[in-house]
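Reader: I am new to this structure. Please take one part and walk me through it closely.

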Amino acid sequence: MSMLAAGTAAPEFTLHSTPDQTVALKEFRGRNVILAFYPADWSPVCSDQLALYNELLDEFARFNAQLLAISVDGVWSHAALARERKYHFPLLSDFEPKGRVARAYGVYDEQHGLAQRALFVIDGDGVIRWSYLSPMGVNPGAAGIVKALEALPSNNIQKALDAPDADARGTA
Amino acid sequence: MISEEAVLAVPVSARDHIQGTPHAVVTLVEYGDFQCPACGGAYPLVKQIQHRYAGNLRFVFRHFPLSQAHPYAQLAAELAEAAAVDGRFWAMHDWLYENQAAWAPRGAAGLETGVRALGLDEAAIAATLRNPDIDARIRGDFMGGVRSGVNGTPSFYVNGYLYQGDFDSLVHAIGRVIARQQ
């Protein structure tokens with residue numbers, strides 16, 4: 001199965017973020033969600049995709065977006081990684097049954113038993129608005145995410161509300 | 001390999017920190033973090049490239065501090081900008097990378113060593129650091145980098161295109177661009 005494309009309803013899921021907490025996609029209705037599937041915890045830090053996103057949480061919040069990162073690693077690995085790298089967003093554990101959510105989004109690498117490096121931007125109605133599959137070893141950065149968030153209709157409206165000056169001048 | 005996909009979103013302008021001639025054949029832009037060990041490792045390579053292609057190369061440094069990973073990267077970037085007010089940006093840039101292993105473990109106290117080493121006025125630097133324009137400039141560099149596809153540090157752009165490869169080969173990639181344009 002290939003990766004789910006823009007316009008598709010995002011498959012629901014509930015996954016553990018810590019040993020005693022779960023996160024469900026439907027909790028984020030009305031907000032935008034960035035889903036970042038990644039192959040494994042503990043990649044080198046200077047080139048770390050998640051370290052970059054960790055610096056952009058305020059920027060994502062401006063677009064009413066929550067970042068959720070997903071790998072097949074277990075909750076204890078996630079907990080140690082989040083503590084060590086000071087991540088301030090949930091790391092979800094697609095651990096049991098392994099890779100079920102990655103499969104539902106069409107981004108599970110059967111050969112290696114890992115989630116592929118894939119990004120989805122999901123709108124407040126739970127519809128995928130943008131998706132991107134990066135080659136396994138290539139850190140995709142965040143340019144595509146920022147562009148996709150800017151293009152969401154809700155954020156276009158927000159921009160219009162934030163910048164009423166042009167219209168106000170026209171009618172004054 | 002020079003990627004055609006990730007393109008510098010913010011053109012080089014007079015507001016940048018620039019070394020070398022404006023008429024250079026190659027413009028090399030680095031997005032860097034002063035506390036990042038990989039950037040520290042790339043620093044002597046950049047110096048070699050600047051030396052080797054002097055006259056053909058213009059070098060631009062932009063800030064990309066990964067503050068959660070490197071807790072003093074932001075302060076180091078602010079310090080470089082405060083030094084820039086005195087026309088000493090490059091002196092501070094060089095000091096921060098040449099002494100990274102010594103100052104980084106000591107944090108703010110380690111950075112104060114740099115202020116003294118460069119003979120900067122400590123009170124003036126402290127006052128400049130409180131100027132919100134400094135934060136805004138660093139954030140501006142950072143977001144420009146994000147939009148350009150910077151995915152980690154250091155990231156290099158050769159004539160506007162992201163360089164993807166090991167840093168030892170960067171010198172050859174630049175050499176080929178110069179050879180093609182002469």
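Which residues of the largest nonpolar core touch the most other members?

Author: A:Phe37 and A:Ile70 do, in a core of 92 residues. A nonpolar core here is a set of buried Ala, Val, Leu, Ile, Met, Phe, Trp, Tyr and Cys residues joined through C-beta atoms within 7 Å. Buried means that 20 or more other C-beta atoms lie within 10 Å of a residue's own; exposed means 12 or fewer, and partly exposed is in between, with C-beta atoms placed from the backbone.

First, the ground rules. This is a predicted model: local features need pLDDT of at least 70, side-chain atom pairs count only at pLDDT 80 or more, and totals for chains, interfaces and linings use all residues. Residues are numbered from 1 along each chain as its sequence is written, while chains are lettered from A and ligands numbered from 1 in the order in which they are written.

Helices (H or I, at least four residues) and strands (E, at least two) are DSSP runs, numbered from the N terminus. Now take A:Ile70. Leaving aside neighbours within four places in sequence, A:Ile70 is in contact with residues including A:Leu15, A:Leu35, A:Phe37 and A:Asp94. Contact means that the C-beta atoms, placed from the backbone, lie within 7 Å. In soluble globular proteins, nonpolar side chains tend to be buried together.

The two chains also touch. Chain A gives 18 residues to the contact and chain B gives 15. On the side of chain A, helix 1 (49–54) and helix 5 (143–151) each supply at least two residues. Helix 1 of chain A brings the largest share, four residues.

Look at helix 5 of chain A. Its buried residues are A:Ile145, A:Ala148 and A:Leu149.

How far can chain A be trusted? Its mean pLDDT is 90, and 88% of its residues reach 70 or more. pLDDT is the predictor's confidence in each residue, from 0 to 100. Where pLDDT is low, the predicted coordinates should not be read in detail.

Methods. Two residues are in contact if their C-beta atoms, placed from the backbone, lie within 7 Å.
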